[in-house]
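Here is a short briefing on one model. Look through the sequence and the structure first.

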Amino acid sequence: MNGRWIALLLALAAPVWAAEATPELELVSEHPVEGMGAGNLSGLAWCGDGLWAVSDREDNLLYRLDASAENGVWAAQPEHFELPSVADSGLPWGMRMRTLASGVVRGGQMDFEGLACDRLGNRYLASEAHASVLRVTPAGTAQWLNLPSGLIRQARASGMLLKFNAMFEGIAVDPDAGRMWLAAERERRGLMVMHRNQSSWQCTGGCVLLAEGGHELPPPTLGEQPLPKSFSGLAYLNDRLFTLEPNAHQVCRRNLASGEVERCWSYAATALADARRYDTPFGNAEALSLDEQGAWIGVDNNTQARRDGEKRPIVWRFAAPRGGWGAR
């Protein structure tokens, strides 16, 4: 069956709401980031009075993004922390060994792929390599969280976390750090939720909120070859959960109880403008942070140059949609 027929079948199988035009987010500004030596911006979070970032190629650094320059270029100011030894998360031995070898080659043994912050300023980093979560306090003290023992087992039983380099790709916490969500990247993608019980975390009624496989059509400018459904970032705002979906080039609001999609907004017009295109069929957006006024989306260019020659990591600022993020 050729790609055109597959695309047609996928389109026919899509839910009714997908047939409606997805509203386009309005770009407010674009900011190249200087000072992230290893590049690979993979997480964003607003903590206290500033926007913070993490790279998936550095194991002991966070970056505060300084937006004071008048030319729109942001300076990444590093904050070092001491990385504690990581405990066994329950991943198979073979996957752990492959992760170790990959980290030696490309850099970044932890492969931090998500960043979140609570109201006290604690930063939460999701390690894709070890399927674990590191908390870094404002004072720079780092500690691995005591996640539920059944988290990995339940996720793998649902078809998630089975593929190398397709593990935890996003994290979100509520302001009081009473709830935490993790996103599995792809094949199958999904959402997991945990609740804090003093110094540990537990699953209430099961860890898995959503698990789904399949492919979807990218925006028309990328052709008719279906791509795997994927998540690359999570954000929490006003008791709502939002996912960054790079191959579809959209941000979606999802039901907190079920993980089901409620509404999506596209950023394809910005990402796929000719000057901003990268030589890849997949989306490069990796990081998401939301507030009432809009969204911050970070681009992990993986050291590639886009068509206008820009090689630095990029952060886009989008205005909130008409009616706000809670609009129907």
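Over which ring does the charged end of arginine 123 sit? The ring is that of tryptophan 52, with the charged end 4.7 Å from its centre. A charge sits over a ring if NZ of Lys or CZ of Arg is within 6 Å of the ring centre and within 35 degrees of the ring normal.

This is a predicted model: local features need pLDDT of at least 70, side-chain atom pairs count only at pLDDT 80 or more, and totals for chains, interfaces and linings use all residues. Residues are numbered from 1 along each chain as its sequence is written, and side-chain values use heavy atoms, with hydrogens and water left out.

**Charge over ring**
- Arginine 317 places its charged end over the ring of tryptophan 296, 4.3 Å from the centre.

**Aromatic pairs**
- The whole structure holds 8 aromatic pairs; rings of Phe, Tyr and Trp (its six-membered ring) pair if their centres lie within 6.5 Å, with planes under 30 degrees apart stacked, over 60 edge-to-face and the rest tilted.
- Tryptophan 265 and tryptophan 325 pair edge-to-face, at 5.3 Å centre to centre and 90 degrees between the planes.
- Tryptophan 265 is buried at 2% relative accessible area, and tryptophan 325 is buried at 4%; buried means under 20%, exposed over 50%, partly exposed in between (1.4 Å probe, protein chains only).
- Tyrosine 267 and tryptophan 316 have ring centres 6.4 Å apart and planes at 50 degrees, so this pair is tilted.
- Tyrosine 267 is buried at 1%, and tryptophan 316 at 4%.
- Phe242, Trp265 and Trp325 form one aromatic cluster.
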